[in-house]
Amino acid sequence: MSKEVEDCGHHDAENKHHRHIFIGILAVIITILVVIFLVWIVLQPHNPRFILQDTTIYGLNLSDPNFLSSNMQVTISTKNPNDKIGIYYEKLDIYASYHNQQITLATELPPTYQGHNDVSVWSPFLYGDAVPVSPYLAVSINQDVNAGVLLFNIKINGKLKWKVGSWLSGRYRIFVNCPAYITLGSRSNGINVGTGIKYQIVQHCHVDV
């Protein structure tokens, strides 16, 4: 009988020891998460800033029945405005759209790390070969060309991570929308560059993270 009591007491002590270890580990994890959260709140991270610097049009052709082919190059700069937070751009895809319809294939931008207040610049080519567009979109393009003004939207979708010291956050979705106003004909302010026409735009972009 005394041996059974002794065994029960031993198991109780062992269970209490394991419970104390678990509670200790849990307390450490909670403390770390609270510290990270407080640091995050104090630092107040700001979204990166994107600017569409220029757009060079090498080709833009609408053919029957409602196929659009385009070839362009854009220059986009992005700045990390944070003093104590770095940004990892893990995967970014850029493409052109017209009236919310994608008209070029997505081009993948290189993975990039931005330190505090760093600036990065990309100049990708965007292509769309015989992309089918809706009839109303074809009519709208012709109307805009006749009016001498085209509005494209250069869009970026991707994922980023925030870096504070040695701590790296989880992935966050980022969406960037840059309006590109292109003037044509007698209203054009473009500059001939080889086989293309370059338009200096310097347009701030809308950023959602």
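Start by selecting strand β1: of all the elements around the largest pocket, β1 gives the largest share of the lining, four residues. Keep in mind as you click around that this is a predicted model.

The pocket itself has a volume of about 190 Å³. To find its centre, pick L60, N61, V145, L150 and L184, the closest to it of the 13 lining residues.

Next stop, the core. Select F50, L52 and I154: of the 38 residues in the largest nonpolar core, these touch the most other members. The elements that give two or more residues to this core are β1 (49-63), β2 (67-79), β3 (86-98), α2 (135-147), β9 (149-164), β11 and β13. Which of them gives the largest share? That's β9, with seven residues.

Stay on F50 and show what surrounds it. Leaving out residues up to four places away in sequence, F50 touches a whole list of partners, including I76, Y89, W122, I156, V176 and C205.

Select C205 together with C178: the two form a disulfide, with their sulfur atoms 2.1 Å apart. A disulfide is a covalent bond between the sulfur atoms of two cysteines. A search of the whole structure finds one disulfide, so this pair, C178 and C205, is the one to look at. C178 sits in strand β11 (residues 172-183) and C205 in the loop between β13 (196-204) and β14 (206-208), so the bond ties together parts that are 27 residues apart in sequence. Are these cysteines buried or exposed? Both C178 and C205 are buried. Look along the S-S bond too: its torsion is about 105 degrees, so the disulfide is right-handed.

Go to the loop between β1 and β2 and select P65; the peptide bond from D64 to P65 is cis, with omega near -10 degrees. Then jump to A130 in strand β8 (residues 125-132). A130 isn't a glycine, yet it has a positive phi of about 50 degrees, and at 36% relative accessibility it counts as partly exposed. Last, select V202 in strand β13. V202 also has a positive phi of about 50 degrees without being a glycine, and its relative accessible area of 51% makes it exposed.

Notes:
Residues are numbered from 1 along each chain as its sequence is written. This is a predicted model: local features need pLDDT of at least 70, side-chain atom pairs count only at pLDDT 80 or more; totals for chains, interfaces and linings use all residues. Side-chain values use heavy atoms; hydrogens and water are left out. A disulfide is a pair of cysteine sulfur atoms within 2.5 Å. Buried means under 20% relative accessible area, exposed over 50%, partly exposed in between (1.4 Å probe, protein chains only). A nonpolar core is a set of buried Ala, Val, Leu, Ile, Met, Phe, Trp, Tyr and Cys residues joined through side-chain atoms within 4.5 Å. Contact means heavy atoms within 4.5 Å. On a 1 Å grid over the protein atoms alone, a cavity is a set of points where a 1.4 Å probe fits but cannot get out, and a pocket is an open set with protein on both sides within 12 Å along at least five of seven lines; lining residues have an atom within 4 Å of a point. Grid points are joined across faces, edges and corners, and a volume is the space filled by probe spheres set on the points.
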